[in-house]
Amino acid sequence: MRARALTTAAVCAAALLGTGGVAPAAAAADRTGPVGGAGADFNGDGYPDLAVGAHTATVDGVRRAGVVTVAYGSATGLRYDTASVVSQATPGVPGDPAEDGRWREVTAHGDLDGDGYDDLVVNWAERSTVLWGSATGLTDGGTTVTPGTYRAHDPKVLGGTVGVGDVNGDGVDDFVTRGHNGTAYGLSVRLGPLDRTTGASAGVWFRDTGSLDKLLTSVVHVGDLTGDGIDDIVAGGSVVLGSGAPGGVVLKGSATGLVKGSGFGGPHAYSTFYPSAFGDLNKDGYQDLVTGHPGDNRIYVAYGGPNGVATTPKARSYTQASAGVPGLDEEGDRFGSALAIGDTDQDGYDDVIVGASYETGADPATTTASGAITVLRGGPAGITTTGAKALTQNSKGVPSTSENNDHFGSALVVADTDRNGAPEVYVGGNGEDGYKGRVWKLPTGPSTGVTGVGSTSFHLGTLGGSPGGGNFGYRMAG
């Protein structure tokens, strides 16, 4: 653009693989650790934490091996002095640092072993590592998720998006990804608790979405659209045995397996990168799902209901050509490259923050792909463009300035890390400072919403990593 101006349920054992049923599953593990508030809480102190990847950071002299950092929340907000910097050189973490290994995809979080501490999934291609939470944070090493064997009862975990949530309602989070059972593609659910030593799960569900849902699944999103306290899976991809048109389906979670719900009409094609975020945009008690489609410069908003996607209000998409959305819709802006949801103006309705990491500012010679974020407010009818605003590094109070290839908006998290009732918006810009990368903290308030005034920024060196670390802020979770 050019700028203008846990409900708890018992797990039932069944053997209905491929039909929405379940494999035998163990009973829920006791939650013996402290349970924090909303957001990722890796040390169980009740304050949300922030995980940031730096996938081209040097590790023990190995170039572009990659690290993951966690800054922990507190009564004063994120503490940089107690941050964890984790890599494949960290004791207990699987693998070894490799040149161009780019250990990077800070993907999802949840309590996968049922101990009351959130865990972090680091995913790349078909390799997923769980970094375990503890009373001291992400300091207990990690485990590779069992890849499976292509058998019906233990399907292969495939690359692409990873979702974490409690889809069987037993109080322990589950690991959801694409899968293959030796015959068909679909999705795989590794039921928690996962074993910290082996990565094995308490049970496995596999759904042949090609046969059952006429869908070639490429992406999964996990959240409670139906409002029953059990997370659901939204599978997106392309229609099989047809034109290859985009398609999707809501698979409702339950104690006995996945139950087919409504369709999902988002513009998913067969691609494994679609950012997403869940939140209640119209305050009706159902979570809503926003997905980003950066190749099309758009986001898609689907409202939750008892069967998955509600018919009222109707789902719809937004671009920078939509009335009231700041900016101009230009090819390559990648509007929707990152998403986050939270109540940034304290009116009781969640708002959507949209990243456009390749946005160009008013001067193309100096601001090509400098990046921007857009805030769309929630309300009684859902998303409204009334009061929408865009912010860049040239906005008042934001540290630094918009420059070529900063990619401000490459990642987004909304988190109230000091629990004062006013969440902060964290914005990644992995291209800042010659691709060293940086993260900005933008304040929010009831009269201002998201604002650049009073914002700060930090980089890998701030958290104790090498100041020369690369692409910090490319992916975040919190």
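A: Start at Pro193, which lies in the loop between strand 10 and strand 11 (203–207). Strands here are DSSP runs of E of at least two residues, and helices are runs of H or I of at least four, numbered from the N terminus. This is a predicted model, in which local features need pLDDT of at least 70 and side-chain atom pairs count only at pLDDT 80 or more, while totals for chains, interfaces and linings use all residues. Residues are numbered from 1 along each chain as its sequence is written, and side-chain values use heavy atoms, with hydrogens and water left out.

Q: What is the peptide bond from Gly192 to Pro193, cis or trans?
A: That bond is cis, with omega near 5°. Another cis bond runs from Thr312 to Pro313, with omega near -5°. Pro313 sits in the loop between strand 20 (308–309) and strand 21 (316–318).

Q: Why flag those at all?
A: Because most peptide bonds are trans, and most residues other than glycine have a negative phi.

Q: Which way does phi go at Arg419, positive or negative?
A: Positive, near 55°, and Arg419 is not a glycine. Arg419 is in the loop between strand 26 and strand 27. Its relative accessible area is 52%, so it counts as exposed (over 50%; buried is under 20%, partly exposed in between, with a 1.4 Å probe and protein chains only).

Q: And Asn471, what is its phi?
A: About 60°, again positive in a residue that is not a glycine. Asn471 lies in the loop between strand 31 and strand 32.

Q: What else is in the loop between strand 31 and strand 32?
A: His459 is there, partly exposed at 26% relative accessibility. The side chain of His459 reaches the backbone nitrogen of Gly461 at 3.0 Å. That is a polar contact (a pair of N or O atoms within 3.5 Å; within protein, one must be able to donate a hydrogen and the other to accept it, and residues adjacent in sequence count only if both atoms are side-chain atoms).

Q: How far is His459 from Phe472?
A: They are 13 residues apart in sequence and 6.8 Å apart in space, C-alpha to C-alpha. Not counting residues up to four places away in sequence, His459 touches Gly437, Arg438 and Phe472, contact being heavy atoms within 4.5 Å.

Q: Which residues touch the most other members of the largest nonpolar core?
A: Leu50, Tyr426, Val439, Phe458, Phe472 and Met476, in a core of 20 residues. A nonpolar core is a set of buried Ala, Val, Leu, Ile, Met, Phe, Trp, Tyr and Cys residues joined through side-chain atoms within 4.5 Å. Strand 1 (50–54), strand 2 (67–72), strand 26 (408–415) and strand 32 are the elements that give two or more residues to this core. Apart from it lies another core, of 17 residues, among them Ala277, Ile299, Tyr303 and Ala356.

Q: In what order do the four strands of the open sheet run?
A: The order is 22-23-24-25, with antiparallel pairing. Strand 22 (335–342) and strand 25 (384–391) are at the edges with a single partner strand each, so one side of each has no neighbour in the sheet. Four bridges join strand 24 (residues 372–377) to strand 25, and Arg377 stands opposite Thr384.

Q: Last one: what is the mean pLDDT?
A: It is 88, and 89% of residues reach 70 or more; pLDDT is the predictor's confidence in each residue, from 0 to 100. Over residues 1–37 it is below 50, though this stretch has 112 contacts in the model beyond near neighbours in sequence.

Note on methods. Two strands pair if DSSP finds at least two bridges between them.
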